[in-house]
Amino acid sequence: MYLVYEDLMDVEKGPETMKKLRTLLSAEGFNVAEEEDVACIWYNAIGKESLERHHKLHYDYEDYIPGYTTAQKEAMLKELSDMMKEYENDDALVDVLAMYKSDVEKNMRIDEVTAKEVNQS
C-alpha cells in the first residue's frame with residue numbers, strides 16, 4: 001500500500017485511504033480506531049482550512065507557486081518514466097508514478113527568463 005499525499009488531501013479518497021490503512025494495521029495486530037470514526041479522525045487531522053486550500057489550489061501554499069525551466073520539466077518526466085519502467089511489476093507504484101507524470105505534463109509551470117529579458121534588466 002502506498003500513501004499518496006494527494007489522495008490524503010482529497011475529500012473522497014482521503015477517508016477511504018485511511019480506512020485501507022486502518023484495515024492493514026488492524027490485520028497486523030495494531031490497536032486502531034473504529035472504522036466509523038476514521039473519516040472524522042481524518043478530517044480533524046487534516047483540518048478544514050488545509051482541505052479547502054488544497055482543493056482550490058491543488059497545492060499547500062497560497063503565496064508561492066514554484067516555476068521550473070523546460071529542462072527541469074523534461075528531467076522530471078524522464079526520471080518518472082525511468083522509474084515506471086524500473087518498477088513495472090509493481091502496478092500500484094506505477095499508477096502513482098503515472099499520476100505524478102501526468103500532473104507534471106499538464107500542470108507544471110514553466111518560468112524561464114530569456115536572454116533578451118536578462119539583458120533588458
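**Close-up views of salt bridges and a helix crossing**

**View 1. Lys48 and Glu52 pair within helix H4.** Lys48 and Glu52 form a salt bridge, with 3.9 Å between the closest N and O atoms; the term stands for a side-chain nitrogen of Lys or Arg within 4 Å of a carboxyl oxygen of Asp or Glu. The two residues sit four residues apart in helix H4 (residues 48-57), about one turn of the helix. Helices here are DSSP runs of H or I with at least four residues, numbered from the N terminus. Glu52 is partly exposed, at 47% relative accessibility (buried means under 20% relative accessible area, exposed over 50%, partly exposed in between, with a 1.4 Å probe and protein chains only).

A word on the model: it is predicted, so local features need pLDDT of at least 70 and side-chain atom pairs count only at pLDDT 80 or more, while totals for chains, interfaces and linings use all residues. Residues are numbered from 1 along each chain as its sequence is written, and side-chain values use heavy atoms, leaving out hydrogens and water.

**View 2. Lys13 reaches Asp7.** Lys13 is partly exposed, with a relative accessible area of 44%, whereas Asp7 is buried at 19%.

**View 3. Helix H2 crosses helix H3.** The axes of H2 (residues 13-27) and H3 (residues 38-46) come within 9 Å and cross at roughly 120°; axes are lines fitted to C-alpha atoms over the stretch in contact, and angles run from 0 to 180 degrees between N-to-C directions. Gly14, Pro15, Met18, Lys19 and Arg22 of H2 make the contact with Val38, Ala39 and Trp42 of H3 (contact means heavy atoms within 4.5 Å).

**View 4. Arg22 is buried without a salt bridge.** Arg22 lies in helix H2. Which side chain of opposite charge is nearest to Arg22? That is Glu35, 4.5 Å away. Leaving aside residues up to four places away in sequence, Arg22 touches Val32, Ala33, Glu34, Glu35 and Val38.

How values were computed
Lys and Arg count as positive and Asp and Glu as negative; His and the chain ends are not counted.
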